[in-house]
Amino acid sequence: MSDSYDVIVVGAGPGGYVAAIGAAQLGLRTAIIEREHLGGVCANWGCIPTKALLHGADVAHSIAESTSLGFAVGGVVFDMDSLVQFSRGVVERLTGGIQMLMDRNGIDVIWGTARLAGKGVLTVSSTDGTGEHTYRASHIILATGARPRKLKGMEFDGERIWSSKEALVPQELPSSILIVGSGAIGSEFASLYRDLGSQVTLVEVVDRILPAEDAETSEFVRKQFTRRGIEVHTKARIDHMENRGDFVYTKVTTSAGEVKEYETARVLVAAGVQPNSEDLGLEQIGVELNRGFVVADQWCRTNVPGLYAIGDLSGAPCLAHKASHEAVICVEKLAGVAGVHPLERDYIPGCTYSRPQVASVGLTEAQAKERGHHISVGRFDLAANGKAIALGDTAGFVKTIFDEDTGELLGAHMVGPEVTEMVQGFSIAHSLEATPEALAATIFPHPSVSESMHESVLAALGQPLNQPPRKKPVRV
């Protein structure tokens, strides 16, 4: 192991480890510094373990609905510990794979806590207690990520007031849980715990759940959650929260001004994230910050030459695939690769793995109008999709938004079974500048839920085949 490199990456999450691999494959001598575990929050305490738990929730739902398919299910016993063990096993397998990738790409893994000591210089306090070491690099990429945001009066205690980390490893299934925040994390956990049998209350300060999504999506999911027995409050205020030993007391003022008091077994605070930018030495070398996030340009460069920031550390959207894509852009640009394209922040797909699933890419209808686009909107309900009917899962729709003047796909919004696996089709369409006419001419397999994507595009053209047109058909 050397003390001098072409590239040193700080943080081994989905941004950091991809940056290290990309740099090594371009022939740059590369090291990565990590203080805790390879894979970061996503692999260890976020994206991956939540999906493993949500798989268990889907199985619970399938068992509950199996009588309609002719099954007689009795004597089912659920063990929360076994589901958690399955989830942690998935994590272990994935992070082991990341270590293998580091080895095979010749990347030095340095275990410890890094701090900037000057331009191109890092000091690392070793995890193994061997002391402090100094490393130098022509390029330093910061990928230290973010952590759950703390709210005053709702501080995590690790026992009854949880962050998302504690919600992933419960010792038992809580009989009731109140969740503060209805973004992707809060909504996923609300769906998860409800399907496993908990009584769930979801509280959001703004006027709708999933506030980053199209308004039509938010309202649809709210109705679905309510039908499932999830109590949802939007435009609500938490007046007081207190761990009283056997339960958490929470006082909520609803949008109607009604004061409601809850005694729940657990509370999950899922109100966003805050960047891991403290104690990195950023202020000492004059790195520009905005509310704790590192300010970076379209090539992930900070205002300090040779220093870069990617992923959650450089701001929203705080998504693993955004971090990985920034990693590739950053490394290729610093290495002088020709034809590198900057990140289109408006077209980063977003997915929420609740029931129903939610996926979107691009602008919402409101955003498209605010930016002055003359739009054409197509919508198709899954209630008319043969595959969705066969699955017994017709709660959902696909909505597409096109610029009527240019044919550009401005946005796509999807709710329903496995839409998180289908949204990439619209991402590719936008990337390849496909028009609605080109998409309409594309053959989609039958029967498939993806046919609803085609039907939504046809509806935007006024030419739907399996639902009445919402506007006068235009034939060419």
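Author: Happy to. First, a word on names: helices (H or I, at least four residues) and strands (E, at least two) are DSSP runs, numbered from the N terminus. Also keep in mind that this is a predicted model.

Reader: Good. Which residue takes a positive phi just after α4?

Author: That is G106, with a phi of about 70°.

Reader: And how far does α4 reach from its first C-alpha to its last?

Author: α4 reaches 37 Å with its 25 residues, close to the 36 Å expected. Its buried residues are M80, L83, V84, S87, V91, T95, I98 and M102.

Reader: Now α3: why do we say its span agrees with what it should be?

Author: At 1.5 Å a residue, the 19 residues of α3 should span 27 Å, and the end C-alpha atoms are 27 Å apart, so the two agree.

Reader: Which residues of α3 are buried, and what covers them?

Author: The buried ones are P49, T50, A52, L53, L54, G56 and A57. Their cover includes α2 (40-45), α4, α5 and α6.

Reader: Let's talk cores. How many residues does the largest nonpolar core have?

Author: That core has 31 residues, and I179, F189, L192, Y193, L202, F225 and L268 have the most contacts inside it. The elements that give two or more residues to this core include α3 (47-65), α4 (80-104), β8 (176-180) and β9 (199-203).

Reader: Which element gives the most to this core?

Author: α6, with 5 residues. Apart from this core lies another one of 27 residues, among them V361, L382, V419 and F426. As a general point, nonpolar side chains tend to be buried together in soluble globular proteins.

Reader: You mentioned β8. Is β8 mostly covered or mostly open?

Author: Mostly covered, as 5 of its 5 residues are buried. On one face sit S176, L178 and V180, and on the other I177 and I179. In a regular strand the side chains alternate between the two faces of the sheet.

Reader: Is the pairing of β8 and β9 parallel or antiparallel?

Author: Parallel, over 5 bridges, with I179 opposite L202 in β9. β8 also runs parallel to strand β14 (residues 266-269), with 4 bridges joining them, and there I179 stands opposite L268.

Reader: What sort of unit do β8, α6 and β9 make?

Author: A right-handed β-α-β unit.

Reader: Nice. Changing topic: in what order do the 5 strands of the open sheet come?

Author: The order is β19-β20-β23-β22-β21, and the pairing is antiparallel. At the edges are β19 (350-352) and β21 (375-381), each pairing on one side only. From one strand to the next, the twist averages 10°.

Reader: Over how many bridges do β22 and β23 pair?

Author: Strand β22 (residues 397-403) and strand β23 (residues 409-415) pair over 6 bridges, and I401 stands opposite G411 in β23.

Reader: What does α13 lie across?

Author: Helix α13 (residues 451-460) lies across β21, β22 and β23, running at about 140° to β21.

Reader: On to the loops. Why does N276 count as buried?

Author: N276 has a relative accessible area of 13%, and buried means under 20%. The residue lies in the loop between β15 (273-275) and β16 (289-290). N276 touches T144, G145, A146, R147 and L313, not counting residues up to four places away in sequence.

Reader: And K235, exposed or buried?

Author: Exposed, at 56% relative accessibility. K235 is in the loop between β10 (231-233) and β11 (237-243), and its phi is near 50°, a positive value in a residue other than glycine. R291 also has a positive phi, near 55°, and is exposed, with a relative accessible area of 69%. R291 lies in the loop between β16 and β17 (293-294).

Reader: Last one: which residues does the cis peptide bond with omega of about -5° join?

Author: A316 and P317, with P317 placed in the loop between β18 (307-309) and α8 (320-334). The peptide bond from R355 to P356 is cis too, with omega near 5°, and P356 is in the loop between β19 and β20 (358-362).

Technical notes:
Residues numbered from 1 in each chain as written. Predicted model: local features only at pLDDT ≥ 70, side-chain atom pairs only at ≥ 80, totals over all residues. Heavy atoms only, no water. Core = buried A, V, L, I, M, F, W, Y, C linked by side-chain atoms within 4.5 Å. Buried < 20%, exposed > 50% of the residue type's maximum accessible area, 1.4 Å probe, protein only. Expected span 1.5 Å × (residues − 1). Contact = heavy atoms within 4.5 Å. Pairing = 2+ DSSP bridges. Axes fitted to C-alpha atoms, helices over the stretch in contact; angles between N-to-C directions. Right-handed = clockwise from strand over helix to strand, strands pointing away.
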